[in-house]
Amino acid sequence: EMGTIVCNWNPDNPFQTRSAHQRNRQYLQTLGAYDEVFIWSDKLFEPLRDAGACSVHELPFGFDPELHRPVEPDPNIAADVVFAGHWSEKRQTMLTPLLDLDAELAVYGNGWKKHCFDRTLRAVHRGPAIFGEDYSALYRSTTICLNIVADHNLEAYNMRSFEIPATGGFMLTSRTDKQRSLFGEGEGIACFDDPTELREQVAYYLN
């Protein structure tokens, strides 16, 4: 009625994120109401158009330089390896083989106490989701910063893909085409495909 342009930006994958099924269904049903739709991967352009979007554009993830920046390391939260993110079965499967390494693993994020039934892994869970300067300090105080990219992020990236390097942390991440092209595997980042390779990479870089 006011003649404004209405836009939508979605940081998730509305076709695969199971935990938000109802929300995603509502999102897809209302796509036709937006003049412009922004999404983080061009691989989702065609599905979004098929669902009713008129005009779709790629808007990649990034970081906030006021929040994600090099800060002073905090010895009180230092660890050899850290993962910050909510619980998922995939993430639990990836992290479990690291428990028998001679390394201090720390996990932050929501859902671990409720869903993770591995007592040894629960024991390294230090707290809920962490934000702001504490988030940057965590990565600056850690030798290896893990990024386990969810399957619904396809062959792309997530927010940590940019936030960890922005803090100056060393990122060991799921191997995806987009991250490799952006940062260079073995140059700006190190990568893994499965729990076995993750364990090998952690042992290698700690040594």
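1. Basis of the note. This is a predicted model, in which local features need pLDDT of at least 70, side-chain atom pairs count only at pLDDT 80 or more, and totals for chains, interfaces and linings use all residues. Residues are numbered from 1 along each chain as its sequence is written, and side-chain values use heavy atoms, with hydrogens and water left out.

2. Helices (H or I, at least four residues) and strands (E, at least two) are DSSP runs numbered from the N terminus, and two strands pair if DSSP finds at least two bridges between them. Strand 4 pairs with strand 7 in the parallel sense over 4 bridges. Strand 7 also pairs with strand 8 (residues 171–174), in the parallel sense and over 3 bridges; there C145 stands opposite M171 of strand 8.

3. Crossover. Strand 7, helix 7 and strand 8 make a right-handed β-α-β unit. Right-handed here means that, with the strands pointing away from the viewer, the path from the first strand over the helix to the second runs clockwise. The loop between strand 7 (142–147) and helix 7 (160–167) holds L154. L154 has a positive phi of about 55° although it is not a glycine, and L154 is partly exposed, at a relative accessible area of 26%.

4. In a sheet with the order 1-2-3, 3 strands are paired in parallel. Strand 1 (7–10) and strand 3 (56–58) stand at the edges with a single partner strand each, so one side of each is left without a neighbour in the sheet. Strand 1 and strand 2 (residues 36–39) pair over 4 bridges, and the bridge partner of C7 in strand 2 is E36.

5. Nonpolar cores. A nonpolar core is a set of buried Ala, Val, Leu, Ile, Met, Phe, Trp, Tyr and Cys residues joined through side-chain atoms within 4.5 Å. The largest has 20 residues, of which L95, L98, L146, L172, L198 and V202 touch the most other members. Elements giving two or more residues to this core include strand 4 (79–84), helix 3 (89–95) and helix 9 (195–206). A second, separate core of 17 residues includes V71, I77, C145 and M171.

6. Helix 6. G132, Y135, S136, A137, L138 and Y139 are buried in helix 6. The buried residues of this helix pack against strand 4, strand 5, strand 7 and helix 7, contact meaning heavy atoms within 4.5 Å. Y135 and Y139 lie 4 residues apart in helix 6 (residues 132–140), about one turn of the helix.

7. Aromatic pairs. Rings of Phe, Tyr and Trp (its six-membered ring) pair if their centres lie within 6.5 Å; planes under 30 degrees apart count as stacked, over 60 as edge-to-face and the rest as tilted. The whole structure contains 9 aromatic pairs. The rings of Y135 and Y139 have centres 4.9 Å apart and planes at 80°, so this pair is edge-to-face. Y204 and Y205 also form an edge-to-face pair, at 4.9 Å centre to centre and 85° between the planes. Y204 is exposed, with a relative accessible area of 58%, whereas Y205 is partly exposed at 33%. One aromatic cluster is formed by W9, W40, F61, Y157, F162 and F183.

Note on methods
Buried < 20%, exposed > 50% of the residue type's maximum accessible area, 1.4 Å probe, protein only.
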